[in-house]
Amino acid sequence: MMNAMVIFAEFFVVILKVLWAFVTAGAKWVVRPKEKSVAGQVCVITGAGSGLGRLFAKEFARRRAVLVLWDINSQSNEETAELVREIYREVDSETPMSKDGAVGGLEEIPPFHPQVYTYVCDVGKRESVYSTAEKVRREVGNVDMLINNAGVVSGHHLLECPDELIERTMLVNCHAHFWTTKAFLPKMLELNHGHIVTVASSLGLFSTAGVEDYCASKFGAIGFHESLSHEIKASDKDGIKMTLVCPYLVDTGMFKGCRIRKEIEPFLPPLKPEFCVTQSMRAILTDQAMICTPRIVYMVNIMKSILPFEAIVCMYRFLGADKCMYPFLAQRKELMNNNEVKEDI
């Protein structure tokens, strides 16, 4: 009898905590939480040479973070670094300095020293990740923020996709998250301080035809992120934050040619990369656990979980989402054929 009373009491407390979680989550929609400062914190960004990675680097630079940029392409990574240095110079010139002998005495703001580090790293190779991480620890110091952003897409139908490309997609989009996290999480746990961001995709929440390898890799990345979030909670390390980023199709050129039904497309256009990163930064800096852009992605994910599969198929066909990747795949195939012709020539 006593055990039953204890369980009932605990269950009642759980209900109260769940309701309070809803209240606090709703309050954040009404009152925007204060963004935390990342000034001086070391931030590693994978895939920083282009696309969202470059935009994340610029946003963190504006907030005076120390940037550690990883990319497989040295030239594009250095281009991002130069953009970061320009932002550092702008921030440095805009930082107000205290005047000696001012009445009342103003708090002196220490001079801002721009710092950006670049490393060539193939995150699809475990040894490259671990060796580069060791260089970062030795040359820069402890990492405060890890932005797992690097990603690739093969652009082939499953039966036409070489096994090597399938493996490459899984390695870069999913397995790399394991390796970067294993490299930097131990120190975060020791200090009870850090933030890990997983840049996934709406295609890791619900899928479509023609991109089986990409969807599988993003589903895997989200599963990894969620399990790791639970592990950190279970270890009572409340100083380590986790943010999952799941954007709809972003207009970075990665899925160039992808199209939904033309009558629907004005209401669901590809996201501007700048908008996607702005929304993501707001979530990261307020320690939001998950951000989906646009917000309709939340609803689609819920509907996918409760509706019968045939109902989902009907909705996909209505939206033109069932074959939305086919133009992209055809375009990639044509480009590859043209490249093959050029190589033959």
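These legends go with several close-up views of the structure above.

The model is predicted, so local features need pLDDT of at least 70, side-chain atom pairs count only at pLDDT 80 or more, and totals for chains, interfaces and linings use all residues. Residues are numbered from 1 along each chain as its sequence is written, and side-chain values use heavy atoms, with hydrogens and water left out.

**View 1. Strand β2 and its covered faces.**
Helices (H or I, at least four residues) and strands (E, at least two) are DSSP runs, numbered from the N terminus. Start with β2, residues 66-71: six of its six residues are buried. Buried means under 20% relative accessible area, exposed means over 50%, and partly exposed is in between (1.4 Å probe, protein chains only). Val-66, Val-68 and Trp-70 point one way from β2, while Leu-67, Leu-69 and Asp-71 point the other way.

**View 2. The strands beside β2.**
Two strands pair if DSSP finds at least two bridges between them. On this count β2 runs parallel to β1 (residues 42-46), with five bridges joining them. β2 also pairs in the parallel sense with β3 (residues 116-120), again over five bridges.

What covers the two faces of β1 in terms of burial? Val-42, Val-44 and Thr-46 on one side and Cys-43 and Ile-45 on the other are all buried. Ile-45 has Leu-69 in β2 as its bridge partner, and Cys-43 has Met-145 in β4. Three bridges join β1 to β4, and these two strands run parallel. Together, β1, helix α2 (residues 51-62) and β2 make a right-handed β-α-β unit. Right-handed means that, with the strands pointing away from the viewer, the path from the first strand over the helix to the second runs clockwise.

**View 3. Helix α7 and its packing.**
α7 (273-285) has 13 residues and reaches 18 Å from its first C-alpha to its last, close to the 18 Å expected at 1.5 Å a residue. The expected span is 1.5 Å times one less than the number of residues. Its buried residues include Cys-276, Val-277, Met-281 and Ile-284. They pack against α2, β4, β5, β6 and β7. Just after the helix, Asp-287 takes a positive phi of about 60°.

**View 4. Glu-265 in its loop.**
Glu-265 lies in the loop between β6 (240-247) and α7. Glu-265 is buried, with a relative accessible area of 18%. Leaving aside its neighbours within four places in sequence, Glu-265 is in contact (heavy atoms within 4.5 Å) with Arg-259, Ile-260 and Pro-270.

A salt bridge is a side-chain nitrogen of Lys or Arg within 4 Å of a carboxyl oxygen of Asp or Glu, and the count comes to 13. Glu-59 is buried at 18% relative accessible area, whereas Arg-62 is partly exposed at 43%. In α5 (residues 163-191), Glu-190 and Lys-187 are three residues apart, about one helical turn. Their side chains meet in a salt bridge (3.2 Å, N to O). Glu-190 is exposed at 56%, while Lys-187 is partly exposed at 31%.
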